[in-house]
Amino acid sequence: VLLQDTVHEARTSTRNIFLYGVGSAYQLNANHKVYTNYTRNYKSIHFSDMQIVNPNFKIDENLRDETGFNFELGSRGNIKEIFGYDLSVFYLYYHDRIGAVLEQDPFDLILKRVRRNISDSRNIGVESYLEYDIWQSMIKDKSLYELILFTNVARIDARYVNSQEPAFQNKMVENVPKWNIKSGLNFKYKTLKISSQISYMSKQYTDATNAVESVPSAIYGEIPSYYILDLSSSYELKNNVTLETGVNNITNNMYFTRRAVGYPGPGIIPSDGRNFYLTLQLIF
């Protein structure tokens, strides 16, 4: 050991914050409702934001809390108990949003990820959940069988705005994919349940400049789009015995969802390939 230092530090930060929200809903009829909400947001900086030991990462010493608001307007309901829906649009605004950006360290001249207040940001999006009861629409009987098709779609445009630096203005907010889609089919017969689901995530960025190519450490760059197909089933043998089995990532896709700066990185964190599971549940 050439050098060992212990640094004692104490910080106090007092905040007085008034957070509020208001919401309303109107029942159009027995099957349809419209709703709207407005909420003030606040996100404080964390202890981990002020204390780091990773040489690939830096924190701006002038890091400030984030504030903002969220507004949504939507409608939910069902048609003849066969088709169900929940549709909404939303606007999410952040002031002084905290993000990651690449900057060259003036001491060692190495590119590092710096966590600091980038600029304001806004997320405009549409979310929808649709559910269609196929069996009920065809057979008009749900006593034994159930066959439901569902889909959940989110389309989000998240960008930095009001930035004084051209490198960030109108760039995509990191870790926010434009498309997030989940769709599947649920089948039920007595106590047998089978469910399949496919998930799709469009590409996303990991830093505020939307850098595509990465350095050898792979701590920044684009996260490519990917999809996953899962299958699960369960069967209740008796009132207290249930057997569950399934396959995750049936197509054995190779993908990742994160670029880590520190442990277990630095670099991309690969997700699991195809895997199987079998569970026996006993209730006493």
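Does Asp-157 count as buried or exposed, and at what relative accessibility? In this predicted model, Asp-157 counts as buried because its relative accessibility is 17%, and buried means under 20%. Asp-157 forms a salt bridge with Arg-159, in which the closest N and O atoms are 3.1 Å apart. Arg-159 has a relative accessible area of 18% and is therefore buried as well.

Salt bridges were then searched for across the whole structure, and seven were found. Side chains of opposite charge can pair when their charged atoms come close. One of the salt bridges is formed by Asp-65 and Arg-15, with 2.3 Å between the closest N and O atoms. Asp-65 is located in the loop between β3 (57–59) and β4 (66–79), while Arg-15 is in the segment before β1 (21–27), so this pair ties together parts of the chain that are 50 residues apart in sequence. The two partners fall into separate accessibility classes: Asp-65, at 19% relative accessibility, counts as buried, whereas Arg-15, with a relative accessible area of 33%, is partly exposed.

A further salt bridge joins Asp-86 to Arg-76, and here the closest N and O atoms are 3.2 Å apart. Asp-86 lies in strand β5 (residues 83–104) and Arg-76 in strand β4, so that the pair, ten residues apart, links distant parts of the chain. Asp-86 has a relative accessible area of 22% and is partly exposed. Arg-76 is partly exposed too, with a relative accessible area of 34%.

Ser-199 is part of strand β9, which covers residues 192–201. With a relative accessibility of 14%, Ser-199 counts as buried, because the class takes in residues under 20%. The side chain of Ser-199 makes a polar contact of 3.3 Å with the side chain of Gln-197.

Notes:
Residues are numbered from 1 along each chain as its sequence is written. This is a predicted model: local features need pLDDT of at least 70, side-chain atom pairs count only at pLDDT 80 or more; totals for chains, interfaces and linings use all residues. Side-chain values use heavy atoms; hydrogens and water are left out. Helices (H or I, at least four residues) and strands (E, at least two) are DSSP runs, numbered from the N terminus. Buried means under 20% relative accessible area, exposed over 50%, partly exposed in between (1.4 Å probe, protein chains only). A polar contact is a pair of N or O atoms within 3.5 Å; within protein, one must be able to donate a hydrogen and the other to accept it, and residues adjacent in sequence count only if both atoms are side-chain atoms. A salt bridge is a side-chain nitrogen of Lys or Arg within 4 Å of a carboxyl oxygen of Asp or Glu.
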